Amino acid sequence: MKPKVLVYSKVDPKVLDFVKQTCEVVYFEGLEEETFPTFLHELKDAHGILGAGLKVDDDLLKNAPQLKVVSNISVGYENLHLPAISARGVMATNTPGVLNDTVADLIMGLMLSTARRLPELDQFVKTGQWDSNLGEQYFGLDIHQKVLGIIGMGGIGSAVAKRAHHGFDMEILYHNRSRKPDAEEKYAASYCTMEELLQNSDFVLLMTPLTPETEKLMGEKEFSLMKKSAIFINSSRGKTVDEEALIQALQTGEIYGAGLDVFVNEPVEVDNPLLSMKNVVTLPHIGSATYETRYKMAMSAATNLVAGLKGETPTNLLNKPVNI
Ligand code: 8YV
């Protein structure tokens, strides 16, 4: 009998076909309040789940006594409670690597958009405010030959360092749990403390996973260490930042601007002060959202899932499940 898999995010039909070769698939195309009870019902005899963002903790796992594999279509996996998953002998996987270049491209876009005020100036043109007398009101900041500080030099951080160093002639500083000799050699990246990085960078990129240690990593003290002309970029998770402190730093001119792909609450509330600030560029958490990369992520997750269900070790196994 084929193992039963619940696919709870919208994926390319080719990904579904691949899973269907070895599994019986129940497809949800996204979980809404109305579909969640059916999902829970189907979970009772499911062997695998595939999708993005679902909170998988002991409460959910209680409803899934047959589960063998939880396959996340994302690199971040703060939604997975690994101790609970491992204790039940379930494998958990994510999709590192395949999205690095796409997210790094977006980060360069966010840096340029914020520094050169692209969305604001786009609105000038489209609303007839283009004044032929091009004055300082259109000026922004350069990004080439500036200092970029990267907090979290993982796969995405390194892909940004590559673009910034080779493409924009930027100087790279980084802070990470461990030294990254590869980035030091290829992109002339200099390892430094958080404090040194914040004080000396023109752009500060936060790219750490969300863990108890990184929650609110950027707070009042950290923003106060940044240069007044510096731009803060976040493409990791909203909760790595104390959003109140960020709002204050922007309102008081402690920093020049921010480019944000992520927020504490997503979708962000329309009355969040960040949304009405001219010096802030916002995006709806779309770092990896291209056709090509979302396909690769879903296929990578599907491959992990099928491998686990076959009793193999998935390439991107995150945990050491007990009793298997
Ligand atoms: C998306 C991400 O949130 O991979 C991650 O960790 O943040 C993003 O790629 C996610 O994959 C939604 O599908």
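How many bridges join strand β6 (residues 147–151) and strand β7 (residues 171–175), and in which sense do they pair? The legends below describe a predicted model.

**Figure 1. Pairing of β6 with β7 in the seven-stranded sheet.** The two strands pair in the parallel sense over five bridges. Within this pair, leucine 148 stands opposite isoleucine 172 of β7. Both strands belong to an open, parallel sheet whose seven strands follow the order β8-β7-β6-β9-β10-β11-β12. The edge positions are taken by β8 (190–191) and β12 (280–282); each has a single partner strand, so one side of each is left without a neighbour in the sheet.

**Figure 2. The five-stranded sheet.** This open sheet has the strand order β2-β1-β3-β4-β5, with parallel pairing. At its edges stand β2 (24–27) and β5 (91–93), each with a single partner strand, so one side of each lacks a neighbour in the sheet. Direction ignored, neighbouring strands of this sheet are turned by 15° against each other on average. Strand β4 (residues 69–72) pairs with β5 in the parallel sense over three bridges, and valine 69 stands opposite methionine 91 in β5.

**Figure 3. Helices on the five-stranded sheet.** Helix α1 packs on the sheet, where α1 touches β1 (4–7) and β2. The direction of α1 makes about 145° with that of β2. Helix α12 lies across β1, β3 (48–51), β4 and β5, and α12 runs at about 170° to β4.

**Figure 4. Contact of α1 with α12.** The axes of helix α1 (residues 13–20) and helix α12 (residues 291–309) come within 10 Å and cross at roughly 10°. Angles under 35 degrees count as roughly parallel, and α1 and α12 are therefore roughly parallel to each other. From α1, the residues in the contact are Val15, Phe18 and Val19; they meet Ala298, Met299, Ala302, Leu305 and Val306 in α12. By class, the residues of this contact are eight nonpolar, no polar and no charged.

**Figure 5. Surroundings of the ligand.** The residues around the ligand are Ala52, Ile73, Ser74, Val75, Gly76, Leu99, His285, Gly287 and Ser288. This shell has four nonpolar, five polar and no charged residues.

**Figure 6. The annotated span, residues 108–287.** An unreviewed UniProt entry annotates these residues as "domain: D-isomer specific 2-hydroxyacid dehydrogenase NAD-binding". In the model, the end C-alpha atoms of residues 108–287 lie 11 Å apart. The span is 33% helix and 15% strand.

Terms used:
Residues numbered from 1 in each chain as written. Predicted model: local features only at pLDDT ≥ 70, side-chain atom pairs only at ≥ 80, totals over all residues. Axes fitted to C-alpha atoms, helices over the stretch in contact; angles between N-to-C directions. Helix = DSSP H or I, 4+ residues; strand = E, 2+ residues; numbered from the N terminus. Parallel < 35°, antiparallel > 145°, perpendicular 65-115°, else oblique. Contact = placed C-beta atoms within 7 Å. Nonpolar A, V, L, I, M, F, W, Y, C, P; charged D, E, K, R; others polar. Near = placed C-beta within 6 Å. Pairing = 2+ DSSP bridges. UniProt positions renumbered as here; feature names shortened; annotations may be inferred.
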